[in-house]
Each structure stands twice: as C-alpha cells, then as structure tokens.
Amino acid sequence: MPVLALVMRLALAAAMILASWVSGVFFVAAPWAVAVAVADLLLFVLLRWRAGPHTIWKVLGVTAIALLATAGAQVIPERLGVLLNTGAAVLGGLVLGLRGALVVAACFVAGSLLMIELTAHHGLHGLDVVAVLASVSAAGLISAIWHERAPQANTAAAREARKLLVRLSSLAESLDTGFDLPSLGDTTLEEVAEQIDLERAALIVRNGKHPVPISLLGLSRLPWAAPSHPESQLHRTWSEGIAIRRAYENESERWFLLTMPLHDSQGELLGLIAMDRQETPYSSAEEAALAQIALGTGPLLEVAILFSGLRTRAALEERSRLARDMHDGVAQELAALSYSVDTLLSQAAHGQDVTSGLRWLRQSMRQSLGDIRHQISTLRMVERPDVSLGSVLSTNLRNAGTNSGMRTTMSIEETPFRFPAHIEVSLNRLALDVLADARAGGATMFDMEVALSAPNARLAMRHDGRSGLDSTSFDHHPAAAHGEILVERLLPTGRYVEIVLGSDPAPTDDSFEIEDIVSHLQLAEATDGDVSPSRRSFDQEAHA
C-alpha cells in the first residue's frame, strides 16, 4: 500500500507537469512539482529505512511537504498547483491518519494566508482558498482510512520473530541434518572420511575460549592435548587459524597430522577439524579437499551453534519456571510439614495422642510427593514435544520394570492425533502414581492397556501388589478433571485403575471386565505374566 500511494502521488505531480506544458506555464510549474516529488521520495525512504521512526519526524516531514505544496499552489497559475496539495493530503492521511489530514489542512490555510498578506505571488484567494481547503480535507480524510497504526513493541517483535522462525524452519528442512549440532559434526566427519584416508578425526568448536569436541571418528576421546594448551599439536590452528600438516611422535609411534580451521560467515575462527594416520603423510591435494569441506561446514556450524543456544535458553526458561513453581508450592509445603513434625514431637513428649496428626501428616506428604512427580513429568513432556504419549507411557513402564523386577506387559493402540499438552501430562502423572503404588506394594506384575485416539482415550492399569489406593485417592487428581477414574480392589491383593476420556473405545478381544480380573491374575501367574499375544511384552525380570 505505501508503494502504491507513492506512485499515485508521483502520478499527480507528473499530471500537473503535463497540464502545465499544455497551458504554457511549464517552466513555472515544473520546478515546484519536482521539488514536492523529491521531498516525497525522501520522506518515503526515511520511513522505509528507519523502522518505526518517531512520530515527530513524520509530522515534520508531512508539514514540510504540505507547506511546499501550498507555496507551489499559490505561485503556479491556472490553479494547477491544487494537484500538489491533493498529493500532500494523501501523504498526510496515510502516514498520520486523521492527524495528518488536519496537519495538511492547517498548513494550507496558514501558508495561503501568509502568502496573501506578505507577498504578491498568490493565485488563490477568497472562495478559491475555501474550495481547495475542502478538496484537501476530503482527500486527507479518505486516505486516513488506509492509515496503518504502528504496532506495539511486543506485537512488532512477535511478527519479526515469526518471520524469522518460519524462514529458519524452511532452511532447516532443506538441510540433511537440520540445525542439530552433533548430527552436523558426524556428517562432516563422515564426508571427510569418504574423501581422505584417515584413522582418527575430531571436530572441535569454540565455546567462549574453551574447546568443545562436537564429533569424534575412530576414537572415544581426544588423543591430543586440548587445543587451547600451548604445547598441543592443535594449538597453532586453534589460535592462529592456520592449516597444519606435520608428523609427531606419540608413545614411540609416528603419526601424521592434518588440521584445518573452521570459519563462520564473518570470517571469525569457529573451531577446527583434526585428523591423523600412521601410514603416509597427508598430501597437498588432501589438504585442499579438507579445506573445501571446511569452507562449506563453517557457516552451517555457526547457525547450528546459535540454534543450540536458543534451544538451551528456552529449556532454561522452562526449568526456571518449574523451579519457581516448586519453590513457591512444594518447598513451602515441605517447610510447613517440618513445623508440623515439630508440633507432633512436642505433643508426644507431653503424652498427648498424635494419631490424628500423623494421619494428616501422611496425607500431606502424599500430596507434596504427587506435586513433585507432576512437576517432573511436566518437565519431561515439555523437553520432548515430538514424543507421543504412548511412547512416554511405554518408557515409564519399561523403566519401572527394570528398576523393580516387576513383570510388565502393555498393549497400545495410538493414532497420530495428539491431546493437548495438559491432558497428556495429567494422564502420564496418573500412570506414574499407579506405578509408584505398585512398587511400594511389592507388586510382581503390572499390566497396562492404552487406547489413544484424540479426543477419546482409555488407560487401564492393574497390579498384584499391596495397594494404598481406594475410590477417593484420585478425587483431586488433575486427570479427574478430564474423565472419570475407576479404582477397584483385586483379590487376593492388587488394584485396577481405569480412566476413560470421551467415548469409551470399542473393546478388543483381549479386554475384559472387572469381574474377570481375578482369573486374569491367575492366568498371568501361570503364563509368567503374558496373557495376550497382541500385547507388547517387556521381559524385565530382576536377573535380565
């Protein structure tokens, strides 16, 4: 829109020049038209070049152009200068809105009166001034409709960040490794190994003044001293950015070394690639091939390092938020519990009954422990948004079986459609709570059935341990806000916990009712826990 408006204003100036040529006043009108057009172009460049200039500069620019157009309108005969005032009014309305229309109208009135009173060069007076004022005001008010208000600082920053992120995403998709720093390092060394015969290689980048190995090939640790050490074989390349080909002795063995500096897009030293072998020295052709690879790798590494910094900053901000939540919530609750313990000890010393107080303390400790688990599970879900809820539940179950020796089985049906993050976090927390109950009760088996198809879900869990869960244990659980949680007692020991969101998914052949759970546990003992061929079984006995 600004470019189109500029073209229209320049067209008005050109039309005035053409009309003056026809009217025989070309040499009078042309200089004024060119002056107004040049001033308009200068203001346009200023507004485009300086992002969000202060309003005072906009007002001064519009005022100068309006006064210049008014002087031209008064001097140019045949009322041709009115086209210049119209262009100035359009400019004022677009740049300043209604204020711009008022500024241009005020400049026309003030300029016309001054020229009428102080000079003899005025072609407009009386009703002509009123008519031109009306046309200028109308043009300014109409153009003010398309005036775009300057966005707030946060909005402008968000728009710019969105453009950058969209562009960054498209660029990442065009690269084989994206902006993942370790993957980029591995790919670079693999490319080097395809073109140059080597035995060991490393890619090292700068983190401030400290060297950080990003990728290693043919070794598990650096065989050379740190590049920042003056006695290191890599020090000259690290400090001066010079490629090195040389032989050196290491534990009575002769090695041939080749190093190549890595530079970013600005030519600054970013790191280095180092490699060695024992058979033959490196040739100048191999050095040239490595230099060509380093030339293309340096800018990509620079972007990957910047992206890694952004990702780290986002993770730190999320961790800081969770730390504040834990400090404001859990830490204060634990402090209150410690005071309660002191009170109970004092009461017990005086022979008072502390049974009810201990029960309250146990319940409070359970709630605090649940809050801690919720914060940890939230952090895990935030760190890996690309991992599905089914994968998270599967990993938690596998880890629980490995750590406790429980026999675990799991059947899962999951579609690509995801639940909102807070729902996935609450379901994961429910599963963690039931797993914790199973471990505390000494369970020998744990079975989980998962059916996820947003907005519907079913999560059923059962174990054979001594459980402290009852029908009221999850009344205040976050998952209870999204679905009904069913808790049933199993015989002789154990619990069955189920939550359903949306409409209950159709039962499969291996699903069963509550009354069949006892027989299911007996069958599980006979078959070592695996009761369905469709289940994914994790053999996690203590000896495995």
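Predicted model: local features only at pLDDT ≥ 70, side-chain atom pairs only at ≥ 80, totals over all residues.

Residues are numbered from 1 along each chain as its sequence is written, and side-chain values use heavy atoms, with hydrogens and water left out.

**Nonpolar cores**
- The largest nonpolar core has 33 residues, and Met16, Val62, Leu84 and Val104 have the most contacts inside it.
- A nonpolar core here is a set of buried Ala, Val, Leu, Ile, Met, Phe, Trp, Tyr and Cys residues joined through side-chain atoms within 4.5 Å; buried means under 20% relative accessible area, exposed over 50%, and partly exposed in between (1.4 Å probe, protein chains only).
- H1, H2, helix H3 (55–75), H4, H5 and helix H6 (127–143) each supply at least two residues of this core, with H4 giving the most, nine residues. Helices are DSSP runs (H or I, at least four residues), numbered from the N terminus.
- Leaving aside neighbours within four places in sequence, Val62 is in contact (heavy atoms within 4.5 Å) with Leu43, Leu91, Gly92, Val95, Leu96, Val103 and Val104.
- A second, separate core of 30 residues includes Ala400, Ala431, Val434 and Ala438.

**Cavities**
- How many cavities of 30 Å³ or more are there? The count comes to two.
- A cavity is a set of points on a 1 Å grid over the protein atoms alone where a 1.4 Å probe fits but cannot get out, and lining residues have an atom within 4 Å of a point. Points are joined across faces, edges and corners, and a volume is the space filled by probe spheres set on them.
- The largest cavity holds about 100 Å³ of space, and of its 13 lining residues, Arg9, Ala13, Val36, Asp40 and Gly87 lie nearest its centre.
- H4 gives the most to that lining, with five residues.
- The second largest cavity has about 30 Å³ of space; Leu389 and Phe417 are among the residues lining it.

**Helix H12**
- H12 (residues 389–404) has 16 residues and reaches 22 Å from its first C-alpha to its last, close to the 22 Å expected at 1.5 Å a residue; that expected span is 1.5 Å times one less than the number of residues.
- Buried residues in H12 include Leu389, Val392 and Ala400.
- Just after H12, Gly405 takes a positive phi of about 85 degrees.

Notes: 1 Å grid on protein atoms, 1.4 Å probe; cavity = no way out; pocket = protein on both sides within 12 Å on 5 of 7 lines; lining within 4 Å.
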